[in-house]
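Subject: A structure for you to look at

Hi there,

Here is the structure I promised to pass on to you. Please open it next to this message, and then read on for what turned up.

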Amino acid sequence: VQNQTVFPVSETEVTALLYNEAGVLIGASQTVVEGFGARERKDVVFTWQEAFNPSPARLDVVARVRAQ
């Protein structure tokens with residue numbers, strides 16, 4: 001995930017949404033990234049309690065800066 005602005009941000013919620021082939025949400029995971037510098041890029045890791053079978057057909061990642 002990358003902060004594409006020229007301003008630092010303190011906390012960013014990053015959510016992964018997984019969908020099956022019918023477009024039905026089958027899983028979600030969220031993490032918080034602390035301290036994002038201007039134009040900084042960070043790796044984000046999501047965890048799941050078990051493997052998906054079949055594999056998800058689509059993944060959406062939503063990043064939202066927390067209000068201070």
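A salt bridge here is a side-chain nitrogen of Lys or Arg within 4 Å of a carboxyl oxygen of Asp or Glu. Before we use that, two notes on where things come from. This is a predicted model, in which local features need pLDDT of at least 70 and side-chain atom pairs count only at pLDDT 80 or more, while totals for chains, interfaces and linings use all residues. Residues are numbered from 1 along each chain as its sequence is written, and side-chain values use heavy atoms, with hydrogens and water left out.

Now to the salt bridges: the search of the whole structure finds three. In one of them, Arg66 pairs with Glu11, and their closest N and O atoms are 3.0 Å apart. Glu11 sits in strand 1 (residues 9–19) and Arg66 in the segment after strand 3 (58–65), so this pair ties together parts that are 55 residues apart in sequence. Strands are DSSP runs (E, at least two residues), numbered from the N terminus.

Arg66 also forms a salt bridge with Glu13, with 2.9 Å between the closest N and O atoms. Again distant parts of the chain are linked, since Glu13 is in strand 1 and lies 53 residues from Arg66.

Another salt bridge joins Arg58 and Asp60, whose closest N and O atoms are 3.0 Å apart. As for networks, shared partners join Glu11, Glu13 and Arg66 into one.

How accessible are these residues? Three classes are used: buried means under 20% relative accessible area, exposed over 50%, and partly exposed in between (1.4 Å probe, protein chains only). Arg66 is partly exposed at 30%, and Glu11 is partly exposed at 23%. Arg58, at 40%, is partly exposed, and so is Asp60, at 27%.

Finally, have a look at Ser29, which is found in strand 2 (residues 25–36). Is Ser29 buried or exposed? With a relative accessible area of 11%, Ser29 is buried. Leaving aside neighbours within four places in sequence, Ser29 is in contact (heavy atoms within 4.5 Å) with residues including Val14, Ala16, Phe46 and Trp48. The side chain of Ser29 also reaches the backbone oxygen of Thr47 at 3.3 Å.

Happy exploring!

Definitions and conventions
Helices (H or I, at least four residues) and strands (E, at least two) are DSSP runs, numbered from the N terminus. A polar contact is a pair of N or O atoms within 3.5 Å; within protein, one must be able to donate a hydrogen and the other to accept it, and residues adjacent in sequence count only if both atoms are side-chain atoms.
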